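Here are some friendly notes to keep beside you while you turn the model around on screen. They can be taken one point at a time.

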Amino acid sequence: MKLMKNLKLMSSTAKLEMMDRLSEPFPFTFVLIGVLLRFAVVIIFFKAVYLQVDTLGGWEINQTYILLGTYFFIEAISWASYVRGLNHLPRYIEFGDLDIFMTKPINVKAFISYRKIDVIFSIPQIATAIGIIIYGILNSQQPINILFYLFVLLCGIIIHFSITSIIYAISFYKIIRQSTYLHTELHELGQYPISIYKGAMKWILSIVVPIAVIYSFPAKAMYNDLALWEFLLVIFITIAFYLFSRVFWNSGIKRYESAKG
Amino acid sequence: MQKSIIHVKNLSKTFVYHKKEEGLKGSLKAVFKRKKLTKQAVKNVSIEIKKGEFVGFIGPNGAGKTTTLKMLSGILYPTEGDIKVAGHDPRRREESFKKKISIVMGQKQQLWPTLPAIETFNLYQRMYEISEGPYRKRLKELTELLDVVDQLKVQVRKLSLGQRMKFEIIASLLHNPKVLFLDEPTIGLDVVSQKKIREFLRKYNRVNKTTIILTSHYMDDVQDLCKRLIIINEGKLGYDGSIDKIINDYSNDKNIKISFYKKVDRNRLRVFGKVTKHSMYEAELSIPQEDSLDKISRLMAQLPVKDLNIKDVSLEEVISDIFEKNKSI
């Protein structure tokens, strides 16, 4: 019942957001140009690197394309669905705008997540990301395991959602206006293969802030390169971060103090 | 005896806040060390409100009105005390509770500003799971009553403040709540819009028997709509009773408006009472109630009175007198 209600609300907010975006002139243009430029710069950078070396931390170029495609795909999907909504949370908390949501018969976290859902305008980004993954697959000389990839990718998206909601929910405890900056910088670490990081950094990015699990592990799964312990780590991290993000949010929302006026 | 729909016992709320010294130096210092302070915004408040009551909840700025309303509606988590609203504990923030209440905040907007109000209403239909038939019927009733049928498809940001507030009220009533919290719903509105909203609220309360708690700085709103008045000051409950009683108990004066057919000097009026307004041919006096009859008859005999009006002190005057002089209530 609750899932159905959320799906209906999600379709309503998507429609409202689309109408809202269409009320501004040139809704597509600037975002699209910016996104395509970023994609191009990153791909050119890796292409230049691979002109000098055959592998990067053991990763050949096509696996890196799959990693980059996965990175851009998660980025596009997350911004289209929940990041644009959640990144308003610090402002809602600081200025008391969360009041209205708190009195509505909704799951506040879910509703804020999909309140700014943007289906149509993200299609070019998502399509380009998928194109990069397909390009990597088609040029790959290694056997491919798409089902395994999709499963680990799904786990990666759940971890991404959990980390995102934790980052923005920090504002329940202490207002952080630069949450979006922290979120973006953190996830940018994921566009490089995990094997280029060494020592403590590698472990931090695998367990403490599991950026590697979100981006590198699906690309490894596509090549059947994921060890059993890494697969178990994916499952464990997914469950642990999801549960922690729920507890963190629920205890945070109890501390919500609104604002005067 | 009618059962309470709102039951509040020993409700308290403490906020933690920080103080920062003036200027850039103060800001830099605050990065490392900030002075942590606490403020008890609501102190041991206990209230019982019955179904269908229209209660005015007033107090000066920072008295704790909005904080109390926010705790009753589940927005804020109380520090201490018990609350039951429509059979629910607002702290639990259950969906079934939220379907029974609604809140309108004059200074906060729930409508999508760049879209027509109808789009937000359609979203709320899904949110409150209202079937299509009853939703359309209710929307028609409310928009007709508030006279905004023609503005339903106009972008919210293009509406006047009065029209926007009417739509905010409609948005809060679509699901037919049992309890409605109104936090300064007429703030910033012109006199005509205030009057129209008051007329609507009075009728709505009478017909639907919805319990309404109203906070407003406009005493006309409160005097016109509520029989019962709750006053909160510095977080503490000061008065809980009828409006008539507080006027009788706290006003010691009668207000008299006089017009003269000859010029009358201010000094000649002072012997009768406190002169609150004066021009050569008109004056307003405040005369102590106990000798008002005697003074009025002397005034009429001694001065060239053309017309005279006696009125009781208004709620606004009583309340401002209480708050200004910080009288105990």
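Predicted model: local features only at pLDDT ≥ 70, side-chain atom pairs only at ≥ 80, totals over all residues.

1. Let's begin with the overall build of chain B. Its secondary structure amounts to twelve helices and 13 strands. Along the principal axes, the C-alpha atoms of chain B occupy a box of roughly 70 × 55 × 55 Å. Of its 329 residues, 36% count as buried. If we take the contacts in chain B with a separation of 6 or more, 69% of them join residues 24 or more positions apart.

2. How is chain B divided? Domain 1 covers residues 4–248, and domain 2 covers 252–312. Between the C-alpha centres of these two domains of chain B there are 42 Å.

3. Now to where the chains meet. Chain B brings 26 residues to the contact, and chain A brings 20. On the chain B side, α3 (95–98), β5 (101–105) and α4 (117–127) each give at least two residues. The largest share of that side, five residues, belongs to α4(B). Sorted by class, the side of chain B that touches chain A holds twelve nonpolar, six polar and eight charged residues.

4. Just after α4(B), have a look at the backbone of Glu129(B), where phi is positive at about 55 degrees.

5. Over in chain A, helices α8 (residues 146–173) and α9 (residues 179–188) pack with their axes 9 Å apart and at an angle of about 155 degrees. Angles over 145 degrees count as roughly antiparallel, so that is how α8(A) and α9(A) run relative to each other. Their crossing is right-handed.

6. Why does Lys174(A) count as exposed? A residue is exposed if 12 or fewer other C-beta atoms lie within 10 Å of its own, and Lys174(A) has 8. The C-alpha atom of Lys174(A) is 29 Å from that of Asn6(A), a residue 168 positions away along the chain.

7. One further helix pair in chain A is α3 (residues 61–86) with α11 (residues 211–222), which pack at an angle of about 135 degrees with axes 9 Å apart. α3(A) and α11(A) are therefore oblique to each other, and their crossing is right-handed. The residues in contact include Ile66(A), Leu67(A) and Tyr71(A) of α3(A), along with Ile214(A), Pro218(A) and Met222(A) of α11(A). This contact divides into nine nonpolar, three polar and no charged residues.

Notes: Residues numbered from 1 in each chain as written. Chains lettered and ligands numbered in written order. Contact = placed C-beta atoms within 7 Å. Helix = DSSP H or I, 4+ residues; strand = E, 2+ residues; numbered from the N terminus. Nonpolar A, V, L, I, M, F, W, Y, C, P; charged D, E, K, R; others polar. Domains from an automatic or database assignment. Axes fitted to C-alpha atoms, helices over the stretch in contact; angles between N-to-C directions. Parallel < 35°, antiparallel > 145°, perpendicular 65-115°, else oblique. Left-handed = near helix turned anticlockwise from the far one by under 90°. Buried ≥ 20, exposed ≤ 12 C-beta atoms within 10 Å, placed from the backbone.
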